[in-house]
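Here is a short tour for anyone meeting this structure for the first time. Have a look at the model, then read on.

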Amino acid sequence: MDRKGSGTREEFADIYAETLAYGLFTARLHDKTLETFSREEAYRLIPRSNPFLRELFAYVGTGLDERAEWIVDELCDVFRATDVHAMLASFNRGTGRSDPFLHFYETFLGEYNPAKKEARGVWYTPEAVVNFIVGAVDDVLIGKFGLPIRCKAFRGDVEAGR
């Protein structure tokens, strides 16, 4: 769906469903009260470092159309029944992927829609490669264009949750 709204309703619904699943996953991983989990609690658990997701979950948690409430509530039931600690303990053991937030979408999309995962090019990129690319972009922005923008500094802010 482009900025002019030329995407289909199905594409919007698909992106919305993916974002809901990611948001609930993110919230659940921040949840300290594992015996409870709801739409409302998910909103409170979304990190402030992700204002888009927080805004979406402000609506999902308190203003969701009643025709869709049961769907999100059932997803919350699934997340509530999930042993998060066991999942994190075995998360991608032996693969070098230690951060579930960074790798959830790749794994999720591979199960949810493998063709879309391939079409979007959603693949794991090793951190060393990401760091090299960020450093190279930094060098160009500063050296060639004289811009005071530092990708490395921004990336550090994102990683630190600021």
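Predicted model: local features only at pLDDT ≥ 70, side-chain atom pairs only at ≥ 80, totals over all residues.

D31 is buried, with a relative accessible area of 6%, and its place is in the loop between α1 and α2. Leaving out residues up to four places away in sequence, D31 touches T36, F37, E41 and L45. Its side chain also takes part in polar contacts: one of 2.9 Å with the side chain of T33, and another of 2.8 Å with the side chain of R28.

That brings us to R28, which sits in helix α1. Is R28 buried or exposed? It's buried, because its relative accessible area is 2% and the cut-off for buried is under 20%. A polar atom of the R28 side chain lies 2.9 Å from the backbone oxygen of F79. Setting aside neighbours within four places in sequence, R28 is in contact with T33, L34, T36, F37, F79, R80, T82 and V84.

Now for K32, which is also found in the loop between α1 and α2. K32 is exposed, because its relative accessible area is 76% and exposed means over 50%. K32 and L45 are 13 residues apart in sequence, and their C-alpha atoms are 9.5 Å apart in space.

| Residue | State | Relative accessible area |
|---|---|---|
| R28 | buried | 2% |
| D31 | buried | 6% |
| K32 | exposed | 76% |

Time to step back to the whole chain. The chain exposes about 11,000 Å², with carbon and sulfur atoms supplying 59% of that. If you take the contacts with a separation of 6 or more, 49% of them are between residues 24 or more positions apart.

What about the inside? In soluble globular proteins, nonpolar side chains tend to be buried together. Here, the largest nonpolar core has 21 residues, and the members that touch the most others are L24, A27, F37, A42, F57, V60 and V72. The elements giving two or more residues to this core are α1 (9-29), α2 (39-45), α3 (51-62), α4 (66-81) and α6 (100-112). Helix α1 provides the largest share, six residues. To see how some of these members meet, pick A42: apart from neighbours within four places in sequence, A42 is in contact with L24, A27, F37 and F57.

Which residues of α3 are buried? They are L53, R54, L56, F57, V60 and G61. Seen down the axis of α3, these buried residues fall within an arc of 165°, so they line one face of the helix. On the other side of α3, P51, F52, E55 and T62 are exposed. As for partners, the buried residues of α3 pack against α1, α2 and α4.

How values were computed:
Residues numbered from 1 in each chain as written. Heavy atoms only, no water. Core = buried A, V, L, I, M, F, W, Y, C linked by side-chain atoms within 4.5 Å. Buried < 20%, exposed > 50% of the residue type's maximum accessible area, 1.4 Å probe, protein only. Helix = DSSP H or I, 4+ residues; strand = E, 2+ residues; numbered from the N terminus. Contact = heavy atoms within 4.5 Å. Areas by Shrake-Rupley, 256 points an atom, 1.4 Å probe, with all protein chains shown as cover. Polar contact = N/O pair within 3.5 Å; in protein donor to acceptor, adjacent residues only side chain to side chain. Arc of directions from axis to C-beta.
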